[in-house]
Amino acid sequence: MALDLILRKACIGGGEPRIVDIAIADGLIVDIAPQIAADAPDEDVAGRLVIAGFVETHIHLDKSCILDRCKSEQGTLAEALAEVAAAKGAFSEDDIYRRARRTLEKSILHGTMRMRTHVEIDPRIGLKGFHAIQRLREDYRWALDIEICAFPQEGLLNDPGAEELLIEACAQGADLIGGCPYTDRDPHGQIARIFEIAQAFDRDIDFHLDFDIDPSRMDLDEVCRQTQAAGWGGRVTVGHVTKLSAVDPARLAVTANRLADAGIAVTVLPATGLYLMGRQHSHDIPRGVTPAHRLLEHGVVCSIATNNVLNPFTPFGDCSLIRMANLYANVAQIGRPSELTACLDMVTTLPAKLMSLKNYGIAIGNPADLVVLDSTAPALAVAELARPLFGMKNGRRSFVCPPPRMLTAGL
Ligand SMILES: [Zn+2]
């Protein structure tokens with residue numbers, strides 16, 4: 001077989017990190033071995049860490065980059081919801097496409113190769129966001145794979161017409177559907193309706209859930225109950241669940257076991273949690289970030305993701321998932337190498353599992369989706385925010401970010 005490239009001396013994870021050569025032909029990984037003897041173009045990455053690209057499970061491309069038209073003065077969830085709802089009226093499909101493209105390109109340059117983006121549907125925005133992101137997905141297929149989760153940010157049962165649009169999005173190819181029970185007049189009613197639509201269209205579900213730090217009332221139990229009743233284990237994700245940042249370890253353990261039993265995955269969004277939660281406190285402010293690494297210990301599939309970029313929900317964002325893993329480690333007070341390694345897993349292999357990706361990972365037969373990080377070990381990569389140096393999607397180079405270089409005096 002004619003090889004297109006051999007990536008030499010790549011450090012790959014999965015148990016104990018090891019140094020291997022990776023052979024690529026026709027866009028696929030065709031061999032992995034300590035030393036591949038073949039006459040083919042090669043590139044020596046000198047023991048650097050190679051991953052199969054970062055996996056973003058929760059981002060909102062459609063409402064990114066709108067700080068020029070929204071304010072974030074109180075920094076509360078209520079303000080963010082109101083500001084974006086008002087700004088949405090002026091969104092056009094082209095405007096959404098242009099802003100989403102800016103965010104998407106930043107993600108690509110930071111090594112993301114798989115992505116689940118949430119897209120809002122409601123009677124004000126219609127399917128404009130959905131159509132813009134569908135177009136973007138086609139235009140950037142050479143660099144990353146996008147799945148679209150259509151969801152009613154402003155409620156379902158309280159918003160006549162939203163349900164028809166959600167169904168229409170499914171009919172037009174939405175990969176999965178989401179819910180946002182906390183903005184609905186009837187949170188449990190919305191959860192039930194989302195499950196009915198998901199079953200009718202055979203779609204996975206990704207809820208925005210339990211997004212404050214008052215654990216006295218939670219919708220999580222209802223999602224667990226409905227997941228089991230529908231037989232939807234392994235097909236449901238809940239994002240935020242910041243209420244779990246406010247429960248004691250005993251209650252967290254009970255909840256984690258319940259999530260693992262029901263087959264529900266959790267996405268933690270540290271930048272947004274840190275920005276929006278605890279605003280009622282004047283000092284000694286709670287962090288509002290759910291301890292995903294504790295949930296992992298109970299067998300819950302967890303990911304760390306970006307969520308919002310440059311809007312009132314999160315007026316930050318360079319779309320780097322290694323930065324999110326590092327931010328999480330800081331906030332969660334993680335220092336052990338095994339836990340830092342788990343932080344890298346939560347932006348690579350675990351989100352791939354959350355999204356049920358069948359062909360993710362550095363393995364023979366998988367697409368040659370490879371990102372070379374300027375690091376030699378997973379824990380160090382998180383600790384040092386290792387730069388992605390270059391990436392290949394389906395065997396084709398999709399970005400390069402050469403390392404900065406000092407210009408030493410006298411040379
Ligand atoms: Zn979100």
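**Close-up views of a predicted model**

**View 1. I133 and its neighbours.** Leaving aside residues up to four places away in sequence, I133 touches L61, D62, I96, A100, T117, V119 and I148 (contact means heavy atoms within 4.5 Å). I133 sits in helix α3, residues 128-139 (helices are DSSP runs of H or I with at least four residues, strands runs of E with at least two, numbered from the N terminus). I133 counts as buried because its relative accessibility is 0% (buried means under 20% relative accessible area, exposed over 50%, partly exposed in between, with a 1.4 Å probe and protein chains only).

This is a predicted model, in which local features need pLDDT of at least 70, side-chain atom pairs count only at pLDDT 80 or more, and totals for chains, interfaces and linings use all residues. Residues are numbered from 1 along each chain as its sequence is written, and side-chain values use heavy atoms, with hydrogens and water left out.

**View 2. Helix α5 and its packing.** The buried residues of α5 are P187, G189, Q190, I191, I194, F195, I197 and A198. They pack against α4 (162-171), β9 (176-179), β10 (204-209), α6 (220-230) and β11 (236-240).

**View 3. I133 and T117 along the chain.** Here are two of the residues from View 1 again. I133 and T117 lie 16 residues apart along the chain, and their C-alpha atoms are separated by 8.7 Å.
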